[in-house]
Structure formats: structure tokens, C-alpha cells
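My entries follow the display.

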Amino acid sequence: QLQLVESGGGLAQPGGSLRLACTASGSSINDWSFGWFRQAPGKDREGVSCVTLGGSGLSYANSVKGRFALSRDIAKNTVFLQMNSLKPEDVGIYYCAATRIYAGAICSFAERGSYVVWGQGTPVTVSS
């Protein structure tokens, strides 16, 4: 049974960087499609990025495009989210989630309900 644990959150200054990790256990990340989501205080959870099963397709929300990069390390069974040029509006709890749906070249984070396994989240604060 797949389990996910996020880490790497913390405090960063505006313009700074953080690297989030989503470490999987119980199953290989190569058998799943992954999404990163975030939830700011008082707001709905929103999708940030996703990768297809096998890693052939990536997608990013417009708000993070060009600043965030999702990658996978099969040997470490971990999915990463590199966050650069952080802005105050990037604040929130960041979650990774997995689904088996997106097996082709395109993934989506529009439907949170399609992701069936979730981590506990890691907090990100951006402040000077």
C-alpha cells in the first residue's frame, strides 16, 4: 500500500528557494502519477504541478510556471518540487498525492478527487 511523506518545507525569504520532497513507501513511484497541491490559510486546496505515470508528462499551474520544477528520483523513490523565486503568495501547506489515472503523456491536477493517496503536508512560509 502506497504511503507518502512530505518534507522540506519551512521559512524562506521572498525570492528564495525551497525543495520539497515526497518520499513514497510500499510501492514504486514509477507505478503512479503524482501531483503537488497547496492550501493557503482560508483558501481551497489548489493544484500546483503534476507528473504522469512513468514521468513522461509534466504540468504546472500558471502561477508557478517558470519558478517551480517537479522531478523524480526512482532510486530514492521520491518526487521533488523545487521552488525558486518564492513569493508571499506561495505560502501554504504543500501536499503530494498519487493516482494511477494519468498513464499517458498528460496529467491534470484540476480534479483533486482523482488522487487517491495523500501525504500529511509540509508547511511553506515566505516572509522577510
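How many bridges join strand 4 to strand 9? I count seven, and the two strands run antiparallel. Strand 4 covers residues 33-39. I took strands as DSSP runs (E, at least two residues), numbered from the N terminus. I called two strands paired if DSSP finds at least two bridges between them.

Ground rules first. I am working on a predicted model, where local features need pLDDT of at least 70 and side-chain atom pairs count only at pLDDT 80 or more, while totals for chains, interfaces and linings use all residues. Residues are numbered from 1 along each chain as its sequence is written, and side-chain values use heavy atoms, with hydrogens and water left out.

I looked up one facing pair for each partner. Ala98 sits opposite Val117 of strand 10.

Is strand 9 mostly covered or mostly open? It is mostly covered, with seven of its eight residues buried. Buried here means under 20% relative accessible area (exposed is over 50%, partly exposed in between; 1.4 Å probe, protein chains only).

**Entry: disulfides**

I found two disulfides in the structure. My cut-off was a pair of cysteine sulfur atoms within 2.5 Å. A disulfide is a covalent bond between the sulfur atoms of two cysteines.

Cys22 is joined to Cys96, S to S 2.0 Å. Cys22 lies in strand 3 (residues 18-25) and Cys96 in strand 9 (residues 92-99), so this pair ties together parts 74 residues apart in sequence. The torsion about the S-S bond is about 60°, so I noted this disulfide as right-handed. Cys22 and Cys96 are both buried.

Which cysteine is joined to Cys50? The partner is Cys107, with S to S at 2.1 Å. Cys50 sits in strand 5 (residues 46-51), and Cys107 in the loop between strand 9 and strand 10 (117-118). I logged this pair as linking distant parts of the chain, 57 residues apart. The Cys50 and Cys107 link is right-handed, with 85° about the S-S bond. Both Cys50 and Cys107 are buried.

Last, I numbered the bonded cysteines of the protein in sequence order. The pairing reads 1-3, 2-4.

Technical notes
Helix = DSSP H or I, 4+ residues; strand = E, 2+ residues; numbered from the N terminus.
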